[in-house]
Amino acid sequence: MKNANFYAGGGIDRVSVRRKDAAWLSEQLAHRETRFVLTWRGQNLVLTKDSTGPGAAFLPRGDFLEGGEPVLLGLWEDRAYFALDLSQHETPLERLGMAALEFTDLRRVGPLLPRGEGSLLAYARGIAYWHERHRFCGVCGAPTRSEEAGHVRRCTNAACAASHFPRTDPAVIMLVHDGERCLLAHKPGWPGGMHSTLAGFVEPGESLEEAVAREVFEETGILVDEVTYHSSQPWPFPASLMLGFYARARSRAIQVDGEELDDAQWYERRFLLGHNDDDSLRLPRRDSIARRLVEDWLKR
Ligand SMILES: [Zn+2]
């Protein structure tokens, strides 16, 4: 996919039609070419820097599979990939018994990885988080079990038997501009000088355009119209899908609440084009859709 955001566009075939095919699944699980994408307590397994890394560590089958519940991610470059979460183990690296591997936060290495690897790690992280948070039925409270190669959790109470599907929470992220200036904001707790686009979760009963306008108004007091879609990005930190927009400002006066944001400013396009990150202004991380929204707007 052309110009996909980081953690997307990896070219993974999710083969969803195979998720109920028990014979095919066991064949893939036993196959020596199959690879496992391991997660542990929100972190992904990667090669350490002093080996050949940073890179994703995809392991062939091994003893670490015992007692685990692999989740089919799909096919990538002619191989099947399964995610496996080792969070129940205190010392997962000992269990793997291999050198030059570490569990780390994907955001630390994500921008350095080839797209396919980044996409597989993000997918594995997202689905592991969902499994961990849905071990019990939200309807009746009974335990759930993993089915359909890990893409459904079914309630084990026969009288209930509710199916629960992996969740993704839609969040809007928007660059507000008035033609030649754009609005960037700083949140309490962010590194010094870092300013980014506004963002927020979509609420039940709300359209994406309404969510954009509401969040911008709540956080900065600015009114917007002409909300146009840019692109999306899976952001499993822990469970979001970022939906990127441009929005045109109808008012200019900024009012920040001091809680969600402690600063917001208008920045001239010309200024940003000539600026390098420093303590007064730092643009968002390179793997984020926020950065992409700013960079694409600067080129317009
Ligand atoms: Zn239930």
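Me: How many bridges join strand β8 to β9?
Reply: Start with the terms. Strands are DSSP runs of E, at least two residues long, and helices are runs of H or I, at least four, numbered from the N terminus. Two strands pair if DSSP finds at least two bridges between them. Here two bridges join β8 (residues 152–155) to β9, and the strands run antiparallel. Arg154 stands opposite Ser163 in β9. Bear in mind that this is a predicted model: local features need pLDDT of at least 70, side-chain atom pairs count only at pLDDT 80 or more, and totals for chains, interfaces and linings use all residues. Residues are numbered from 1 along each chain as its sequence is written, and side-chain values use heavy atoms, without hydrogens and water.

Me: Which strands form the open sheet, and in what order?
Reply: Three strands form it, in the order β7-β8-β9, with antiparallel pairing. The edges are β7 (144–147) and β9 (163–164), each of which pairs on one side only.

Me: Where is Ala159, and is this residue buried or exposed?
Reply: Ala159 sits in the loop between β8 and β9. Buried means under 20% relative accessible area, exposed over 50%, and partly exposed in between (1.4 Å probe, protein chains only). Ala159 counts as exposed because its relative accessibility is 77%. From Ala159 to Arg115 is 44 residues in sequence and 44 Å in space, C-alpha to C-alpha.

Me: Which residues coordinate the zinc ion?
Reply: Look for donors: N, O and S atoms within 2.8 Å of the metal (3.2 Å for Na, K and Ca), with water not among the atoms, so sites may look incomplete. The zinc ion has the SG atoms of Cys137, Cys140, Cys155 and Cys160, at 2.3 to 2.4 Å. Along the chain, their spacing reads C-x2-C-x14-C-x4-C.

Me: What is the geometry of the site of the zinc ion?
Reply: Four tetrahedral donors would ideally make angles of 109.5 degrees. Four donors count as tetrahedral if all angles lie between 85 and 135 degrees. The site of the zinc ion has angles of 95 to 116° among its four donor atoms and is tetrahedral.

Me: Why does Cys137 count as buried?
Reply: Cys137 counts as buried because its relative accessibility is 5%. Cys140 is partly exposed, at 36%.

Me: Which residues line the largest cavity?
Reply: Rolling a probe the size of a water molecule over the atoms shows where empty space is left. A cavity is a set of points, on a 1 Å grid over the protein atoms alone, where a 1.4 Å probe fits but cannot get out; lining residues have an atom within 4 Å of a point. The structure holds one cavity of 30 Å³ or more. The largest cavity has about 30 Å³ of space. Its lining consists of Ala185, Lys187, Trp190, Thr197, Leu198, Ala199, Glu219 and Leu261.

Me: What lies between β13 and β14?
Reply: Four residues, and the two strands form a hairpin. β13 (residues 224–235) and β14 (residues 240–249) pair in the antiparallel sense over nine bridges. Ser232 stands opposite Leu243 in β14.

Me: Where is Arg286?
Reply: Arg286 is in the loop between α6 (269–273) and α7 (289–299). With a relative accessible area of 58%, Arg286 is exposed.

Me: How many helices and strands are there in the protein chain?
Reply: Seven helices and 15 strands. Of the 300 residues, 49% count as buried.

Methods:
Tetrahedral: all angles 85-135°; square planar, octahedral: opposite > 155°, others 65-115°. 1 Å grid on protein atoms, 1.4 Å probe; cavity = no way out; pocket = protein on both sides within 12 Å on 5 of 7 lines; lining within 4 Å. Points joined across faces, edges and corners; volume = space filled by probe spheres on them.
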